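Take a moment to turn the model around on your screen. Then let's walk through a few of its helices together.

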Amino acid sequence: MMTESTARLTALPAWQKLKAHYEQISDTHMRELFASQSNRFEDFSIAWEDLFLDYSKNRITEETIQLLVELATEGGVPEAIESMFQGEKINTTEDREVLHTALRSDVNKPFIIANGDDVMPEIQTVLEKMKGFCDAIHSGQSTGYTGKTFTSVVNIGIGGSDLGPHMVVNALKFYQKDIDVYFVSNVDDADVSETLKKVDPETTLFIIASKTFTTWETLTNAHSAREWFLRSGADEAALSKHFVAISSNIDDAVAFGIAEENIFEFWDWVGGRYSLWSAIGLSIAIAIGFSKFSELLAGAHAMDKHFRETPLEKNMPVILGLLGIWYNNFFGADTQAIIPYDQYLEYLPSYLQQADMESNGKRVTKHGEVVDYSTGPVIWGTTGTNGQHAYFQLLHQGTRLIPADFIAGIESLNNVGEHHRLLIANFLAQTEALVRGKTEAEAKITLEQSGLGEEEIEMILPHKVFPGNQPTNTLFYQKLTPYNLGALIAMYEHKIFVQGIIWDLNSFDQWGVELGKNLAKVIFEELGDGKPVATHGQSTRGLINYYKRKSPKDS
């Protein structure tokens, strides 16, 4: 039932001021902005610990930032930040607290939530259990059923139980212990089949990551792994040595064959896309060791403190969130590119797709009212320099405004030849090219200097013009460490939260995934018999019947 809401976002005074301000500066080129502001780089950058954010290459003035901060204030961002950290039930549609920040908080200090409970003791218990488990794996004390030490881990999950751990394990590969970690998430049997070809049943540990232990895709993959393991010659008693679960459903996990002491708990106040900080991060802790996992948590906790304690105008997540509002709601930019110039961060864009699009891909406010403004953008991207030889053409000379975050480390972890200097040269050159562009006059001079004739110049000149004025944020970290990665991930989490508050959304539910899942269950049953279906819409009915006619009869 719809309840009475606060003032509409579009009716807020700051929103109206921003509309007028947009009309004044929307056609201004950033060349002009830099020319008129000698300290623009210093004025529009934030240094915090090992992170440095330059947001000067945006279509903004000091007035823009002032008005955006006003919008955040009028939209209740400061109060919402406190509500989250005080453990109030800000996930209103599910009546839950949102406590992922507690998972990485100081275990020696209480974390008292709104109902008066201290959640740290139970968090600490799980962390200690994770530490003991990881230490036993790494020391060789814990072995497989034949006494061999574990050399491989296969994490079976989906969504938040896969994307976060997968991204982090890959990002921190430089720090990895002598153990291979694989991830299976897709219900396509190719995913589990190709993974199982790489591992030895005697030396492989399986992690089944499912809060309810009922997630259809995860349990399908888990049962396939179980059957493969038993076919290898192991008996059911051996399952307890090779399978662990991260779940709140102890009964079903035990029925699967998992020993109760190997079931790691996490709670309903941990959203899936925020769960890598919880026991869902067990694969991370095994990959890099529990001490490095603790450093990951510490980096995120440090960013939490920055987010909670720093004034809005100097707050990294807040500034990034507000710039996203500026382009999404006033310039009509409907996508955001994430471009890490770090091969270790190749899965960061995919991870942020879920973090952002599942959080703020909503069409109604917390009060059930249909919005009259744009909400979550499409998040996409790949690593640089690969992207330069793919989609950067559209960024430079296409017709769309696409804000982009460029992310890189000052130091390389590998230091091979001149690779890193070349990488950073490309990183900096692209942001400069995107902001400056190349005018017709500049392009003409270049062509004249190349020795072309006037007729040739006239023909090619339009193709050599770059409009520029494409907004970018540039983020440096000193080098990729577990601590800095934790801070980086938490920064984006909070950025997304800020935008959700301004848009008046519940960023912590995901009802949009339910409809397709429920329909899939119906169709799954229908695909299991030989009869044509007469239900569904015309297209779906036709496709089901076509598939059934063409599929092998023994499938």
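Just after helix 18, G437 takes a positive phi of about 70°. This is a predicted model, so keep that in mind as you read on.

Now look at helix 18 itself, which runs over residues 419-436. How far apart should the ends of its 18 residues be? At 1.5 Å a residue, the helix should span 26 Å, and its end C-alpha atoms are 26 Å apart, which agrees.

Which residues of helix 18 are buried? They are L423, I424, F427, Q430, T431, L434 and V435. These residues cover an arc of only 125° around the axis, which puts them on the same side of helix 18. The spacing makes sense, because an α-helix has 3.6 residues a turn, so residues three or four places apart point the same way. On the other side of helix 18, R421 and L422 are exposed.

The cover over the buried residues of helix 18 includes these elements:

| Element | Residues |
|---|---|
| Helix 2 | 30-36 |
| Helix 17 | 392-397 |
| Strand 10 | 404-409 |
| Strand 11 | 472-477 |

Next, visit helix 14 (residues 290-309), where you will find D304. With 1% relative accessibility, D304 counts as buried, because the cut-off is under 20%. Beyond its neighbours within four places in sequence, D304 is in contact with F85, T101, R104, A490 and H494.

Helix 14 also meets helix 15 (residues 316-331): their axes come within 8 Å and cross at roughly 70°. The two helices are therefore roughly perpendicular to each other. M303, H306 and F307 of helix 14 meet M316, P317 and V318 of helix 15. Five of the residues in this contact are nonpolar, one is polar and none is charged.

Technical notes. Residues numbered from 1 in each chain as written. Predicted model: local features only at pLDDT ≥ 70, side-chain atom pairs only at ≥ 80, totals over all residues. Heavy atoms only, no water. Helix = DSSP H or I, 4+ residues; strand = E, 2+ residues; numbered from the N terminus. Expected span 1.5 Å × (residues − 1). Buried < 20%, exposed > 50% of the residue type's maximum accessible area, 1.4 Å probe, protein only. Arc of directions from axis to C-beta. Contact = heavy atoms within 4.5 Å. Axes fitted to C-alpha atoms, helices over the stretch in contact; angles between N-to-C directions. Parallel < 35°, antiparallel > 145°, perpendicular 65-115°, else oblique. Nonpolar A, V, L, I, M, F, W, Y, C, P; charged D, E, K, R; others polar.
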